[in-house]
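Welcome! Here is a short briefing to read alongside the sequence and the 3D view.

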Amino acid sequence: MNVTFSERAIEKLNSQIKNKDNKLKLKYETEGCGCVMSGVTALWLVDSGDEDDLILETNYQPLLVEKSKMVFLDENMTVDFIETANCFMLKSPNEILNPRLRLVEMSGVHEFQA
């Protein structure tokens with residue numbers, strides 16, 4: 001799996017991430033979705049990874065991804081920041097996986113507004 005961050009996404013993340021010790025995690029959230037097939041991706045800032053997490057090298061910083069949820073993601077993905085919508089987007093050459101990708105700090109449980 002390959003994840004690339006656009007220059008716009010890197011600039012926005014750098015302006016929002018205050019604790020440089022936090023790690024980025026691409027989380028496949030299923031809570032409240034009713035079914036694992038209806039999950040939604042989010043970017044989490046975490047203190048550490050979980051037992052099921054793999055570390056992917058990216059052009060920005062290492063990214064944690066849940067091994068068991070990789071089946072729901074594409075092989076090549078890009079995290080972009082869309083200025084006109086003021087939000088992050090997760091996309092692949094085949095589809096837009098999440099047009100409004102949230103950035104959530106899980107250590108303090110704070111959701112950033114883009």
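**A buried lysine and its strand**

At 16% relative accessibility, K27 falls in the buried class, where buried means under 20% relative accessible area, exposed means over 50% and partly exposed lies in between (1.4 Å probe, protein chains only). This is a predicted model, in which local features need pLDDT of at least 70 and side-chain atom pairs count only at pLDDT 80 or more, while totals for chains, interfaces and linings use all residues. Residues are numbered from 1 along each chain as its sequence is written, and side-chain values use heavy atoms, with hydrogens and water left out.

**K27 and its surroundings**

- K27 sits in strand β2; helices (H or I, at least four residues) and strands (E, at least two) are DSSP runs, numbered from the N terminus.
- The side chain of K27 makes a polar contact with the side chain of E66 at 2.8 Å. Such a contact is a pair of N or O atoms within 3.5 Å; within protein, one must be able to donate a hydrogen and the other to accept it, and residues adjacent in sequence count only if both atoms are side-chain atoms.
- Leaving aside residues up to four places away in sequence, K27 touches V40, T41, A42, W44 and E66, where contact means heavy atoms within 4.5 Å.

**How the strands pair**

- Strand β2 is mostly covered, with 6 of its 7 residues buried.
- β2 runs antiparallel to strand β3 (residues 40-46), and 7 bridges join them; two strands pair if DSSP finds at least two bridges between them.
- Strand β4 (residues 53-56) and strand β5 (residues 63-66) run antiparallel, joined by 4 bridges.
- A hairpin of 6 residues links β4 to β5.
- E66, which meets the side chain of K27 in a polar contact, is also the bridge partner of D53 in β5.

**K20, an exposed lysine**

- K20 lies in the loop between α1 (7-16) and β2 (23-29).
- Is K20 buried or exposed? K20 is exposed, because its relative accessible area is 57%.
- The side chain of K20 reaches the backbone oxygen of I17 at 2.9 Å.
- K20 and L45 are 25 residues apart in sequence, and their C-alpha atoms are 9.9 Å apart in space.
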